[in-house]
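Welcome! Take a moment to look at the model below, and then let us walk through some of its local features together.

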Amino acid sequence: MIEDIELEALINEVYEYYGFDFGSYSRASLKRRVSRVFTLDGFKHFHDFLSKVRTDPEYCKKMIDEITVNVTEMFRDPSFYMTLRKEILPLLGTKPFIRIWHAGCSTGEEVYSMAIMLKEEGLLHKSILYATDINATVLETAKSGIFPLRMIKDYADNYREAGGQEDFSDYYIANYGFAKFNENLSEKMVFSQHNLVSDTSFNEFDLILCRNVLIYFDNNLQKRVVNLFDDSLAVLGFLALGTKETIKYSISQTKYKQFDKEKIWRKIKE
């Protein structure tokens with residue numbers, strides 16, 4: 001495990017040399033992730049690692065990708081998706097057009113989950129799903145819609161628990177150990193790089209999902225990101241966070257009402 005003082009040195013160097021700011025990330029999770037990269041890449045001394053980061057932009061990019069990748073799965077927390085399906089989508093369905101933002105979408109499993117549900121509820125044709133992440137490598141995976149076949153059984157179980165009635169295998173083609181999801185899902189998706197730490201709002205949305213990303217940020221950055229979502233959310237729109245996340249300390253509680261027991265809030269006024 002690297003030392004606290006070494007972590008601070010790395011944060012400063014990455015910011016100074018590459019303009020990438022890890023300063024507001026939760027130190028505990030950042031330390032775990034950096035230590036993992038340090039060990040996996042076979043470094044013995046921290047100064048060698050720091051020198052490699054400083055002098056090799058390709059290596060630094062790879063390290064940032066490793067540190068910022070979030071683990072995800074299709075229909076993760078099925079009860080959350082059941083609430084979306086039964087309670088949120090019928091409300092969004094009354095709108096002429098539905099804009100959804102998956103912020104910190106990682107490899108895209110949750111975006112495809114949403115597209116499948118929209119399709120089943122007869123709403124995909126009038127929806128657009130914006131999927132963003134800071135990490136260009138995971139976005140390429142997300143764009144491809146190709147996931148390991150070994151994960152599909154778990155995803156199919158999650159799908160059924162989330163209220164799915166169709167044959168899950170209708171949504172993908174299996175080949176060489178991978179499942180490629182149908183293009184009639186991905187044609188409603190727009191993937192782009194977006195940094196929640198430094199970038200601004202880019203549209204107005206009816207539903208924003210950012211699940212299990214804020215837990216990696218310190219309190220000040222969490223506030224900043226929640227305010228970015230507030231700026232991006234239409235009145236009567238919905239914000240969905242991860243199970244350990246809240247907006248309680250970040251924004252005026254008179255503007256939002258918690259919807260259901262899941263971590264979903266509805267914006268009730270501007």
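Let us begin with Tyr 176, which is exposed, with a relative accessible area of 78%. Here buried means under 20% relative accessible area, exposed over 50% and partly exposed in between, using a 1.4 Å probe and protein chains only. This is a predicted model, in which local features need pLDDT of at least 70 and side-chain atom pairs count only at pLDDT 80 or more, while totals for chains, interfaces and linings use all residues. Residues are numbered from 1 along each chain as its sequence is written, and side-chain values use heavy atoms, with hydrogens and water left out.

Tyr 176 sits in the loop between strand S4 (172–175) and strand S5 (178–181). Strands (E, at least two residues) and helices (H or I, at least four) are DSSP runs, numbered from the N terminus. Although Tyr 176 is not a glycine, its phi is positive, at about 50°. Most residues other than glycine have a negative phi. Asn 212 also has a positive phi, near 65°. Its loop runs between strand S7 (205–210) and helix H10 (219–232). Is Asn 212 buried or exposed? Asn 212 is buried, with a relative accessible area of 12%.

Now to the aromatic rings. The whole structure holds 31 aromatic pairs, and two of them are set out here:

| Pair | Type | Centre to centre | Between the planes |
|---|---|---|---|
| Phe 20 and Phe 22 | tilted | 4.7 Å | 50° |
| Phe 75 and Tyr 81 | edge-to-face | 5.2 Å | 65° |

Rings of Phe, Tyr and Trp (its six-membered ring) pair if their centres lie within 6.5 Å; planes under 30 degrees apart count as stacked, over 60 as edge-to-face and the rest as tilted. Phe 20 is buried at 13% relative accessible area, and Phe 22 is buried at 3%. For Phe 75 the value is 0%, so it counts as buried. Phe 75 and Tyr 81 also belong to one aromatic cluster, whose members include Phe 80 and Tyr 112.

Phe 80 has a charged neighbour too: Arg 211 lies over its face, 3.8 Å from the ring centre. For this, NZ of Lys or CZ of Arg must be within 6 Å of the ring centre and within 35 degrees of the ring normal. Arg 33 lies likewise over the face of Tyr 216, at 4.3 Å from the ring centre.
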